[in-house]
Amino acid sequence: MTALRNEMTAEEYEQQARGGEPEKGRWSMAEQLLAGITDSLHQLEYILVVANSDGKGRKPKRPEPMRRPGVGGGKKREELSERGAKVLFELINGGAA
């Protein structure tokens, strides 16, 4: 792996660093555990900041989990249309009965 990395130009190395896709590689159990620990640490940091803020400023974004092999990126949910909201409202309020 190091030999492959050493053969890359600076531009190729930069491109891989910015646009790499770790979800297409293989990770060992140790790497999976380390990613889990990293995610937990980021989550604890987020909770600490939110718990100690006065609520007046901007709320920080929740941390995203590390990308892992075999797991696709987060999917964006499409916006709920006016019609969909109406149907959902009716279902919640007993419209399906």
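Let me start at L88, which sits in helix 4, residues 82-92. Helices here are DSSP runs of H or I with at least four residues, strands are E runs of at least two, and both are numbered from the N terminus.

A word on the source. This is a predicted model, where local features need pLDDT of at least 70, side-chain atom pairs count only at pLDDT 80 or more, and totals for chains, interfaces and linings use all residues. Residues are numbered from 1 along each chain as its sequence is written, and side-chain values use heavy atoms, with hydrogens and water left out.

Back to L88. Its relative accessible area is 40%, so L88 is partly exposed. The scale: buried is under 20% relative accessible area, exposed is over 50%, partly exposed lies in between, with a 1.4 Å probe and protein chains only.

Together with L80 and I92, L88 forms a nonpolar surface patch of about 320 Å² accessible area. Patch members have over 30% relative accessible area and no salt bridge; nonpolar side chains (Val, Leu, Ile, Met, Phe, Trp, Tyr) are joined within 5 Å, like charges within 9 Å. Areas come from the Shrake-Rupley method with a 1.4 Å probe; for residues, only the protein chains shown count as cover.

Now the whole chain. The protein chain has four helices and zero strands. The order from the N terminus is α-α-α-α. Of its 97 residues, 7% count as buried. Accessible surface is about 9400 Å², with 55% belonging to carbon and sulfur atoms. Take contacts, meaning heavy atoms within 4.5 Å. Among those between residues at least 6 apart in sequence, 62% join residues at least 24 apart.

Next, R68. Where is R68 placed? In the loop between helix 3 (29-51) and helix 4. Buried or exposed? R68 counts as buried, because its relative accessibility is 17%.

What does the R68 side chain reach? It reaches the backbone oxygen of M66 at 2.9 Å. It also makes a polar contact with the side chain of D39, at 2.6 Å. A polar contact is a pair of N or O atoms within 3.5 Å; within protein, one must be able to donate a hydrogen and the other to accept it, and residues adjacent in sequence count only if both atoms are side-chain atoms.

D39 and R68 also form a salt bridge, closest N and O atoms 2.6 Å apart. This pair links distant parts of the chain: D39 in helix 3, R68 in the loop between helix 3 and helix 4, 29 residues apart. The rule is a side-chain nitrogen of Lys or Arg within 4 Å of a carboxyl oxygen of Asp or Glu. By that rule, the count is one salt bridge. Both D39 and R68 are buried.
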